[in-house]
Amino acid sequence: MSDFDGLRIALSSLYAQQKAIQVTGQNIANVNTDGYSRQRVEMTANSGPVTPAIESRYTGPGLGVLTGDTTRIRDQFLDVRSFQEHAVDAGLKQSQSVLSRVELAFDEPSDDGLSKLISGFLAGFDDVANNPDDLAARAQLVEQGKTLAAGFTQLDAALATQRTSSIAELDALVGEVNGAAAQIAELNQNITSAINNGFSPNELMDQRDQLVAQLAEQVGVTVQNGDHGQVDVFVGGTALVRGTKAAALKVDVGTDPAQTVRVTWADDSYPAGVSGSAGGLLSAVNDVIPRYRAGLAALSQQLASGVNAVHRTGYALDGSPGLDFFTTDSSGNVIVNPAIAADPRLVAASGSAGATRDGSVAQQIAELTGIGDSYQQLVVKLGVESQAVNRRVDVQASIVQHVDAAKEATSGVNLDEEMTNMLQFQHAYDAAARFLTAVDQTLDTLINSTGLVGRG
């Protein structure tokens, strides 16, 4: 080993510790930067020549330290788990939000909900049964019938509006997904260019990982590493991003009677297997909201058919046979029969023609409590479903918290650890400088003092 090798060893250490200090400073500077991954300088010992020269061998202790790439500290398996759990969490929260809005539309229990309107309507028939010839009681009953019918129509319209807004929200979300996919494809290109030109792509990779995490919450994705630092992103097993190319999704509202909504691939309209927030919205527009609208429609038909069946057996105040109390308008909504609405005397309260003081038929209708019970069952079902989703959201939030904590422990910046590293690298730098000084002094002695002979 040449004495000058000591200078190279000291210099390599100075360069290595200086780079490590700079990377540590970068970590500290980005402690509050969302999506930043802790970085580390890879150092390896320079063992000297591996293949000795002819007729010689290398017996030195080594030639210092080599600095490799500055790597991001990431755990690929934790990243995959995080994508999966966040997708589930986002889907559940979307379902929770939809059910909360449906509960708000039903507005139970309250003085304005259908439950009060149904009980008030039946009580109106009870009032007519007690005073069959009272025109004021009959008029009040008709108004209560109108209010109840309008309540069913308004609640159905509110649920329909929620479905429309959820479809619009899904369409906006898919637009964001397509934009993020295009950005990931562009970042793939930039990362490859940076690698090929000898630059560090770490910050670009952090940006890309944030976009992938966003896609995981929105539609649920899986990721596969590609060549030259690129990644491929898949939705439902089909590539949304492959290298520098990005595909696109779209929202397709079907022409079938149910107007089924799907998220499909823009190029071939084939269904994309989305989850996450998009999956929650699809469940809302294709299952949750239509299911409660169908239940509400069944209740309105139960009300109309039940009341009409009894009402037709009675007689109006003028002795004419009873008409259907409820009918439907051009939109299929249940309304009070326009003839009865115009003339409350046509309310068939009597069990026989001409018996103006007979309220037996009105009393039978007042005792039709089945519609109220059915409505309560629908409301209870909604409450139970909402509570079940709320519990699942709480459980999933705990899972996500643990996964994020594990991920943060691996790739997040810990100031105490970074300050310890800073001190370590500073002391190593000082030691390398002292070693360089010692070698310099040794060489100075060798060069300037060795071999001098004093004169007598």
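Predicted model: local features only at pLDDT ≥ 70, side-chain atom pairs only at ≥ 80, totals over all residues.
Residues are numbered from 1 along each chain as its sequence is written, and side-chain values use heavy atoms, with hydrogens and water left out.

Let me begin with the helices. Helices and strands are DSSP runs numbered from the N terminus, helices being H or I with at least four residues and strands being E with at least two. Helix H2, residues 76-106, packs with helix H9, residues 370-411, at an angle of about 155 degrees, and their axes are 8 Å apart. The axes are lines fitted to C-alpha atoms, for helices over the stretch in contact, and the angle is taken between N-to-C directions on a range from 0 to 180 degrees. H2 and H9 are therefore roughly antiparallel, a term that applies to angles over 145 degrees, whereas those under 35 count as roughly parallel, 65 to 115 as roughly perpendicular and the rest as oblique. The residues of this contact of H2 with H9 divide into 17 nonpolar, nine polar and 10 charged, where Ala, Val, Leu, Ile, Met, Phe, Trp, Tyr, Cys and Pro count as nonpolar, Asp, Glu, Lys and Arg as charged, and the others, Gly among them, as polar.

Is strand S4, residues 231-235, enclosed or open? Five of its five residues are buried, so S4 is largely enclosed by the rest of the structure; buried means under 20% relative accessible area, exposed means over 50%, and partly exposed lies in between, with a 1.4 Å probe and protein chains only. Both faces of S4 are covered, with Val231, Val233 and Val235 buried on one side and Asp232 and Phe234 buried on the other.

S4 pairs with strand S3, residues 222-225, in the antiparallel sense over four bridges, pairing here requiring that DSSP find at least two bridges between the strands. Within that pairing, Asn225 stands opposite Val231 of S4, and in the hairpin, which has five residues between the strands, His228 takes a positive phi near 60 degrees. Toward strand S5, residues 238-242, S4 again pairs in the antiparallel sense, over three bridges, and Phe234 has Ala239 of S5 as its bridge partner. That hairpin of S4 and S5 has two residues between the strands, and Gly236 in the turn has a positive phi of about 60 degrees. S5 in turn runs antiparallel to strand S6, residues 245-246, joined by two bridges, with Arg242 opposite Lys245 of S6; the turn of this hairpin also has two residues between the strands, and Gly243 there has a positive phi of about 65 degrees.

Finally, the charged pairs. The structure holds 17 salt bridges, each defined as a side-chain nitrogen of Lys or Arg within 4 Å of a carboxyl oxygen of Asp or Glu. In helix H2, Arg81 and Glu85 lie four residues apart, about one turn of the helix, and they form a salt bridge whose closest N and O atoms are 2.9 Å apart. Arg81 counts as partly exposed at 37% relative accessibility, whereas Glu85 is buried at 14%.

A second pair sits in helix H4, residues 135-196, where Glu143 and Lys146, being three residues apart, are separated by about one helical turn; their side chains meet in a salt bridge at 3.6 Å, N to O.

Which parts of the chain does the salt bridge of Arg293 with Asp156 link? Its closest N and O atoms are 2.9 Å apart, and the pair links distant parts of the chain, Arg293 being in helix H6, residues 276-311, and Asp156 in helix H4, 137 residues apart. Arg293 is partly exposed at 27% relative accessibility, and Asp156 is partly exposed at 21%.

To close, Arg72, Arg74, Asp79, Asp206, Asp209 and Lys407 are linked in a network of salt bridges.
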